[in-house]
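Here's a walk through the fold, the ligand shell and a few individual residues. Keep the viewer open and follow along.

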Amino acid sequence: MIPIRPRRSALYMPGSNARAIEKARTLAADVVIFDLEDAVAPDLKTQAREQVCAAVKAGGYGRRELVIRVNALETPWGEADLAAAVAAAPDAILVPKVSSAETLAAVGLRLRKLGAAERTGIWAMIETPLAILRAESIASAAHDVDTRLSCFVMGTNDLAKDTRTRLLPGRAAMLPWLMTALAAARAHGIDILDGVYNTLSDESGFRAECEQGRDCGFDGKTLIHPDQIAAANGIFAPSEHEIESARTIVAAFEQPENRARGAISLGGRMVERLHAEMARRTLAMAEAIAKQTT
Ligand SMILES: CC(C)(COP(=O)(O)OP(=O)(O)OC[C@H]1O[C@@H](n2cnc3c(N)ncnc32)[C@H](O)[C@@H]1OP(=O)(O)O)[C@@H](O)C(=O)NCCC(=O)NCCSC(=O)C[C@H](O)C(=O)O
Ligand SMILES: [Mg+2]
């Protein structure tokens, strides 16, 4: 089984915001995304790069996964961002506005030339119309070891901008694209995180969107404010009921009379071996979450 890493909550922060960078050392987010791209004004790009890379090198973020979002290679800052990020050796470098597998191949080549640490993976923002149309081909880059691709991140703000789709409750227009990207990620064995929810004051709307993302199959949600962390952590974690039910399913298939059976009847439901496999994943995720202490 692929090792399980909880990615329920991935908090963005502008790389130019020293207070946010410091505060993230104590926040309960599973992933911290230091942004050098859209949240940083052009005049502050260099300062933000230095500040972020110094923070990642200094550490102190405990179990949190550290991700640096660089500017695209074709921008004036892309090359320097990538070189500095590689030197800081975060858990992953997040590449924005990926629209083809070739972009990831080019980034992979740069990483090799720069002597990137093995531990540093590549995550791809899926946020352009072309990325949706080519989602399967982009996700298939995960099989090329040089690309190091391990996670998709939905960029619903850019997607809304480029398509002129409105971000409305329920996301009816966005759902086919979310699910296309999700199917592509799953087909090639990588994780995928849902987009951000912009209305900080609307807690119930945020919770509803987290629940929708969870039910669609996302591993977690990208966030813009510390106040969003607790809800995302709760909603994307297996519930007590799911854990109990998973234990029951696993135990049932371990009974001698069921060992050779493909399907059994349990609590009025048909349960197959694929459900036992899902149950074992639920238990492994619950255990990984329980192990997190900081
Ligand atoms: C949205 C914000 C600008 C709001 O900032 P502010 O008004 O300062 O918030 P508060 O006063 O409520 O802050 C309270 C304390 O929390 C800290 N804080 C705030 N936000 C963060 C954060 N993201 N990470 C860490 N800490 C944070 C403040 O410093 C306060 O601390 P203290 O002084 O101790 O009280 C702001 O929240 C913000 O900048 N959010 C992130 C914006 C961002 O990174 N955007 C880029 C990614 S979104 C995106 O583009 C996705 C994708 O590409 C797409 O296309 O969709
Ligand atoms: Mg974006």
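## Pairing and the barrel

First, a term: two strands pair if DSSP finds at least two bridges between them. With that in hand, look at strand β2 (residues 31-35) and strand β3 (residues 65-69), which pair in the parallel sense over five bridges. Within that pairing, Val-32 sits opposite Leu-66 of β3. Bear in mind that this is a predicted model.

Zoom out and you get a barrel: eight strands close up in the order β1-β2-β3-β4-β5-β6-β7-β8, with parallel pairing. On average, neighbouring strands of this sheet are turned by 25 degrees against each other, direction ignored.

On one side, β1 pairs with β2 in the parallel sense over five bridges, and Pro-14 stands opposite Asp-35 in β2. Three bridges also join β1 to strand β8 (residues 220-223), again running parallel, with Ala-10 opposite Thr-222 of β8.

Is β1 buried or exposed? Six of its six residues are buried, so β1 is largely enclosed by the rest of the structure. In a regular strand the side chains alternate between the two faces of the sheet. Here both faces are covered: Ser-9, Leu-11 and Met-13 are buried on one side, and Ala-10, Tyr-12 and Pro-14 are buried on the other.

Strand β6 (residues 149-154) tells a related story. Five of its six residues are buried, so β6 is largely enclosed by the rest of the structure.

## Around ligand 1

Which residues come nearest to ligand 1? Out of 22 residues around the ligand, the nearest are Tyr-12, Ala-20, Gly-155, Asn-157 and Asp-158. Two or more shell residues each come from β1 (9-14), α1 (18-23) and α7 (156-163). β1 gives the largest share, four residues.

## Annotated positions

The unreviewed UniProt entry lists Arg-69 and Glu-127 under "binding site". They span 59 residues in sequence, yet no two of their C-alpha atoms are more than 13.7 Å apart, so they gather at one spot.

Arg-69 belongs to strand β3. Why does Arg-69 count as buried? Because it has 25 C-beta neighbours inside 10 Å, and 20 or more is the cut-off for buried.

## Two domains

How far apart are the C-alpha centres of domain 1 and domain 2? The domain assignment gives domain 1 (9-235) and domain 2 (240-291), and their C-alpha centres lie 33 Å apart.

Ala-80 and Leu-283 are 203 residues apart in sequence, and their C-alpha atoms are 42 Å apart in space. Ala-80 is placed in helix α3 (residues 78-88). With 15 other C-beta atoms within 10 Å, Ala-80 is partly exposed.

Finally, a hairpin. Strand β9 (residues 263-266) and strand β10 (residues 269-272) run antiparallel and are joined by four bridges. Ser-265 has Met-270 as its bridge partner in β10.

The hairpin has two residues between the strands, and Gly-267 takes a positive phi near 55 degrees.

Key:
Residues numbered from 1 in each chain as written. Chains lettered and ligands numbered in written order. Predicted model: local features only at pLDDT ≥ 70, side-chain atom pairs only at ≥ 80, totals over all residues. Near = placed C-beta within 6 Å. Domains from an automatic or database assignment. Axes fitted to C-alpha atoms, helices over the stretch in contact; angles between N-to-C directions. UniProt positions renumbered as here; feature names shortened; annotations may be inferred. Buried ≥ 20, exposed ≤ 12 C-beta atoms within 10 Å, placed from the backbone.
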